[in-house]
Amino acid sequence: MIKLTRRELLYGTAMVAAGSVLAACAPKATPAAEQPAAGEAAQPAAEAAKPASGEKIPIKYWVFWNQIQACEEAFRATDEWKAMEESGLEIEFGTGRGGDAGKTAVAAGTPPDVGDLGPQFDFALGGKLMDLTEFVNASDTLKPEIFFEDNWLGGQWKGMQYGVPAHECYVRRGLNMNSRLVGEAGLDINNPPQTWDELFEWHKALTKFDAAGNLTQFGIDPYDAEGGTGPGMDGWCIPELWDVPFFDYATGEFHLNDEKFAQALDTCAEFVRLIGADNLQGMRSVEGQGTWGGSYNAEVQAMIIEGYWHPGETFKEKPEVSALNVATWVPVPAFRKGDKVQTFSGHVSSLFAEGEHAKEAWPILEWLQTKACCDIIFNEIGWLPAVKDYVANVDGSKYPGLQFYLDSAKEFTVSYGPCTIPIQSFVETKYIQYRENVFRDTMTAQEAVDALQKDAETEWEESGWKERWSAE
Amino acid sequence: MAEATHKQRMSELGWRRELVGLLFTSPWILGFLLFTLYPLASSLYYSFTRYDLMQPPVFIGLLNYTRLPHDSDFINVLKQTLWWVGFSAPAGVISAFAMATLLNTPIWGRSVFRAIFFFPSIVPEFVVAIVWQFLLNINYGAINSTLRALGFESIPFLSNPAYAKPSLLLIHMWAQGSAMVIFLATLQDVPRSLYEAATVDGAGAFRRWWNITIPLCSPVIFFNLVMAFIGGWQTFTLPWLLTQGGPNQSTEFYAINLYRNAFSYMRMGKACALAWVLFLIVVLFTVILFRVTGRWVYYEGD
């Protein structure tokens with residue numbers, strides 16, 4: 001019998017503990033030869049290594065957003081998903097891994113194989129995504145022509161196809177109105193405001209305070225939901241509506257200190273001043289805890305600028321409010337009255353260059369375009385893809401207000417696409433800060449756009465993008 | 001010869017003891033090297049680079065440091081954080097000490113009250129933020145709903161730049177359970193005989209508290225104050241969840257700005273420089289605090 005002394009036991013324990021720490025910290029062995037260089041066109045899945053008989057290939061498929069979680073069970077139940085798994089893929093489906101967790105995983109060299117609804121553009125800039133051109137060329141089903149053009153182009157950067165449209169795409173601009181509140185204010189829902197001056201009159205008519213001066217209802221928060229976004233995959237609403245050429249892609253120069261942009265901030269500030277800046281902040285706090293447009297769903301806000309998903313999401317979240325929803329064109333400034341503005345944009349799905357089995361994961365990107373997948377997402381959440389054939393057959397009466405968006409995609413007179421600028425997150429943060437300075441009267445609109453321009457230029461230079469842009 | 005062998009054996013034994021000691025402490029040493037020293041050294045290196053998390057860092061010398069004084073955001077967050085540290089550290093200590101003093105008095109249900117006052121410390125900060133959001137929101141908050149029902153105007157606790165920091169201060173003072181427990185233990189250590197002697201000498205309640213309780217608790221007051229100062233400079237969760245640095249950047253504290261630079265603007269090099277500057281500031285403040293302790297902290301052994 002082996003006799004174990006206390007000292008020997010302690011030795012052993014210490015060795016095991018030290019070994020475990022070392023093992024936990026050891027870098028994961030990755031077959032470097034299988035990893036394409038950043039931006040380099042990868043070989044399509046068909047040419048990727050096949051698994052040994054009976055061996056499954058583990059695929060990490062991360063959606064950086066939460067809502068899609070509701071679809072997982074239905075996804076797995078589709079014949080197409082089962083076929084992918086029968087062909088040798090073992091798909092780990094993860095959602096809500098957005099923001100810092102996703103960025104850190106990618107930066108640390110441990111990304112998923114497939115990722116979407118996340119900061120794909122940042123990943124593309126960092127050379128973390130595969131060029132999908134060869135995959136697309138080799139595909140029988142996923143072709144550029146099946147998508148709306150702007151949506152397809154949204155997955156490109158400097159000649160590289162870093163993503164293909166998926167999950168949630170299509171059009172982003174519409175003014176949604178609560179017909180009951182509009183009717184009660186004596187306004188005609190069939191004759192909606194076409195300019196921001198007219199919108200302000202509606203805003204005044206729909207805004208109510210109690211005897212003590214507390215806000216009880218308001219017309220519109222121009223910076224809620226799509227109206228408030230900064231530059232990004234959804235475009236940049238307010239500068240688009242005022243037709244501000246805020247960035248020159250040819251030279252890499254910002255033109256944010258534009259007179260029209262100042263005019264836009266001044267106009268929006270009037271809306272906020274009427275309801276009170278503090279009240280707006282309170283409304284947006286509530287919004288921050290839930291979904292966009294929480295105050296619209298609560299029937300405190302009568303109008304909201306939102307994308308095509310609004311009818312579907314409202315239907316799911318608040319059916320009684322959805323029943324009152326009517327959508328129309330977003331008003332434009334008087335100088336461009338008559339323009340029907342629409343923005344085609346959305347999200348893309350990508351393969352990560354450092355994903356262990358990214359090449360083998362390509363079938364997921366093809367599957368995302370299938371009717372079975374799009375049906376689940378549309379029915380569960382209310383989102384539409386960028387696949388033209390699918391959208392052409394969508395029933396616009398399913399969600400009140402949706403038909404406007406379907407028609408608008410054909411009737412627009414001016415269209416915009418995604419607004420992809422390398423320092424977009426910085427510009428968005430500063431935009432939000434400076435526009436608040438304007439509606440709180442601590443800065444004039446012109447001072448705000450001048451400061452925004454200065455900050456953007458400084459960041460452009462300090463982040464190294466000025467130099468990189470010239471070089472590329 | 002025998003002596004030499006004995007010395008050699010002793011030396012071998014000493015070496016073996018060293019090895020055993022190192023083996024036993026190796027998990028901690030390895031953990032420290034890998035999870036503390038390595039990240040620290042890395043962040044120091046990154047602070048001299050332009051690093052966006054995605055691409056390899058590019059060495060730029062001291063630029064991340066020398067640009068900071070010209071960065072309007074940096075100046076603003078320094079001002080906001082100084083205000084916060086200046087008020088929240090003493091206010092937190094005062095609040096904790098006051099709660100401990102009250103809970104040290106012999107009242108009915110004292111244990112229940114102690115549990116209630118300690119409770120905020122064990123609730124996750126996220127939950128605390130959500131609860132206070134629903135209490136303080138200008139439009140839907142419970143406090144303002146009550147005010148409105150009574151015909152009063154709402155108070156923009158978290159929506160107005162002038163009220164936001166004081167509102168956060170209020171929440172901070174409420175969540176002082178940990179410091180309160182330390183004070184409570186200290187208060188129970190104050191010898192009864194001192195109070196009895198003072199009472200015999202005719203000292204009133206305030207005089208006893210001022211001349212006996214405060215001096216004898218001053219080392220712990222100092223300890224809690226130092227911890228509060230350090231924590232104040234690092235404040236992140238509560239303002240991030242409640243105001244996200246607003247309204248009008250009035251609660252944009254140092255750690256929030258650091259986080260924005262690291263994960264939103266993808267300026268990890270600059271964020272690392274900000275972290276090291278923060279470290280120096282905290283060290284400086286702590287040294288100053290230690291320097292002035294002799295004037296008011298009473299150590300029984302001195």
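Mentor: Strand E1 (residues 57–63) of chain A runs parallel to strand E2(A), and 7 bridges join the two. Within this pairing, Tyr61(A) has Phe93(A) of E2(A) as its bridge partner. The model is predicted: local features require pLDDT of at least 70 and side-chain atom pairs pLDDT 80 or more, whereas totals for chains, interfaces and linings use all residues. Residues are numbered from 1 along each chain as its sequence is written, while chains are lettered from A and ligands numbered from 1 in the order in which they are written. Strands (E, at least two residues) and helices (H or I, at least four) are DSSP runs numbered from the N terminus, and two strands pair if DSSP finds at least two bridges between them.

E1(A) and E2(A) belong to an open sheet of 5 strands with mixed pairing, ordered E2-E1-E3-E15-E6 in chain A. Its edges are E2(A), residues 89–95, and E6(A), residues 164–165; each has a single partner strand, so one side of each lacks a neighbour in the sheet.

Chain A also holds an open, mixed sheet of 5 strands in the order E8-E9-E12-E7-E13. There the edge strands, pairing on one side only, are E8(A) at 208–209 and E13(A) at 325–328. Strand E7 (residues 175–178) of chain A runs antiparallel to E13(A), with 4 bridges between them. In this pair, Leu175(A) lies opposite Thr328(A) of E13(A).

Among the helices of chain A, H11(A), residues 259–275, packs against H21(A), residues 445–462, at an angle of about 125° with the axes 8 Å apart. Axes here are lines fitted to C-alpha atoms, for helices over the stretch in contact, and angles run from 0 to 180 degrees between N-to-C directions. H11(A) is therefore oblique to H21(A), a word for angles left over once those under 35 degrees (roughly parallel), over 145 (roughly antiparallel) and 65 to 115 (roughly perpendicular) are set aside. H11(A) and H21(A) form a right-handed crossing, in which the near helix is turned clockwise from the far one by less than a right angle. From H11(A), Phe261(A), Ala262(A), Leu265(A), Asp266(A) and Ala269(A) meet Ala445(A), Gln446(A), Ala448(A) and Val449(A) of H21(A); contact requires C-beta atoms, placed from the backbone, within 7 Å. By class these residues are 7 nonpolar, 1 polar and 1 charged, where nonpolar covers Ala, Val, Leu, Ile, Met, Phe, Trp, Tyr, Cys and Pro, charged covers Asp, Glu, Lys and Arg, and polar the others, Gly among them.

Chain A meets chain B through 42 of its residues, which touch 38 residues of chain B. H1(A), H4(A), H5(A), H12(A) and H20(A) each supply at least two residues of the side of chain A that touches chain B. H1(A) gives the largest share of that side, 9 residues. In composition, the side of chain A that touches chain B has 17 nonpolar, 16 polar and 9 charged residues.

Chain B itself contains 13 helices and 2 strands. Its C-alpha trace spans about 95 × 65 × 35 Å along the principal axes. Within chain B, the axes of helix H4 (residues 110–122) and helix H8 (residues 177–189) come within 7 Å and cross at roughly 135°, which makes H4(B) oblique to H8(B). Their contact comprises 6 nonpolar, 3 polar and no charged residues.

How values were computed. Contact = placed C-beta atoms within 7 Å.
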